[in-house]
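Open the model in your viewer and keep the selection tool at hand. The tour goes stop by stop: select, look, move on.

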Amino acid sequence: MDTRLSSAIHMLVMIAGAESPMSSAEIAESVGTNASHIRKIARLLKGRNLIEGCQGSKGFVLLVPPEELSLYRVYEAVSDSDGVHVFELHQNPSDRCLVGCHIKPVLTRVFRGIDEAAERELKATTLADCMKKLKIEIEREEQA
């Protein structure tokens, strides 16, 4: 996966904490990308009923309470794959090499364990958790 997940979480934290609907331009400035990229992510999030555009004004609002929105649901919304896939296998190891002809099943099992751990963590972490950690980070910086 590329940066869609982190951008989507960044976007959702902003939307959840905003007093009024956030526009794609406002979000893009904070994320450090362009508004069209944010609109692409927004379409994916809208497709999973996580956000909606506001009638009569530009911007987005969150449809799911942050405490109920797991990062796994966000991952599912912006991911191209079924299930969590942290790493991909290289495709053409040599059959003439002892390592090459046995590495795929080994790495498949290792990566499956990593994927399962990542999936558990994404399911256990909510948008509200990210918002709390962000608040702690801001307070820590203000005290320094």
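Begin with helix α2. Its buried residues are covered by elements that include α1, α3 and β2. Helices (H or I, at least four residues) and strands (E, at least two) are DSSP runs, numbered from the N terminus. Buried means under 20% relative accessible area, exposed over 50%, and partly exposed in between (1.4 Å probe, protein chains only).

Before selecting further, note the ground rules. This is a predicted model, in which local features need pLDDT of at least 70 and side-chain atom pairs count only at pLDDT 80 or more, while totals for chains, interfaces and linings use all residues. Residues are numbered from 1 along each chain as its sequence is written, and side-chain values use heavy atoms, with hydrogens and water left out.

**Stop 1: α2 and its end**

Which residues of α2 are buried? Select Ser24, Ile27 and Ala28. They sit on the same side of α2, because they cover an arc of only 100° around the axis. That arc is taken over the directions from the helix axis to the C-beta atoms. Now step just past α2 to Gly32, which takes a positive phi of about 85°.

**Stop 2: the largest nonpolar core**

Select Met11, Leu45 and Ile51. These have the most contacts inside the largest nonpolar core, which has 31 residues. Such a core is a set of buried Ala, Val, Leu, Ile, Met, Phe, Trp, Tyr and Cys residues joined through side-chain atoms within 4.5 Å. At least two core residues come from each of α1 (4–17), α2 (24–31), α3 (35–47), β2 (60–62) and α4 (71–78). The top contributor is α1, with 8 residues. In soluble globular proteins, nonpolar side chains tend to be buried together.

Stay on Leu45 and show its contacts. Contact means heavy atoms within 4.5 Å. Neighbours within four places in sequence aside, Leu45 touches Ala8, Met11, Leu12, Leu50, Ile51, Val74, Ala77 and Val78.

**Stop 3: Asn49**

Move to the loop between α3 and β1 (51–53), where Asn49 is found. Asn49 is not a glycine, yet has a positive phi of about 55°. Most residues other than glycine have a negative phi. Is Asn49 buried or exposed? Exposed, with a relative accessible area of 53%.

**Stop 4: along α5**

Select residues 103–124. This is helix α5, with 22 residues. From first C-alpha to last, α5 reaches 32 Å, close to the 32 Å expected at 1.5 Å a residue. The expected span is 1.5 Å times one less than the number of residues.

Colour Phe111, Asp115 and Leu122: these are buried. They lie on the same side of α5, because their arc around the axis is only 50°. The buried residues of α5 pack against α1 and α4. Turn to the other side of α5 for Arg109, Arg120, Glu121 and Ala124, which are exposed.

- Pro105 lies in α5 and is partly exposed at 39% relative accessibility. Its C-alpha is 10.0 Å from that of Leu89, 16 residues away in sequence.
- Gly113, also in α5, is partly exposed at 35%.
- Ala118 belongs to α5. Leaving aside neighbours within four places in sequence, Ala118 contacts Val84 and Val86. The C-alpha atoms of Ala118 and His85 are separated by 8.5 Å, at 33 residues apart along the chain.

**Stop 5: rings**

How many aromatic pairs does a search of the whole structure find? It finds 1. Select Phe87 and Phe111: the pair is tilted, 5.2 Å centre to centre, with 40° between the planes. Rings of Phe, Tyr and Trp (its six-membered ring) pair if their centres lie within 6.5 Å; planes under 30 degrees apart count as stacked, over 60 as edge-to-face and the rest as tilted. Phe87 is in the loop between α4 and α5, and Phe111 in helix α5, 24 residues apart. Phe87 is partly exposed at 42% relative accessible area, whereas Phe111 is buried at 16%.

Next, select Tyr72. Lys123 lies over its face, 4.8 Å from the ring centre. The test asks for NZ of Lys or CZ of Arg within 6 Å of the ring centre and within 35 degrees of the ring normal.

**Last stop: Cys130**

Finish in helix α6 (residues 127–143), at Cys130. Setting aside neighbours within four places in sequence, Cys130 is in contact with Ile9, Val13, Leu71 and Thr125. Cys130 and His10 are 120 residues apart in sequence and 9.2 Å apart in space, C-alpha to C-alpha.
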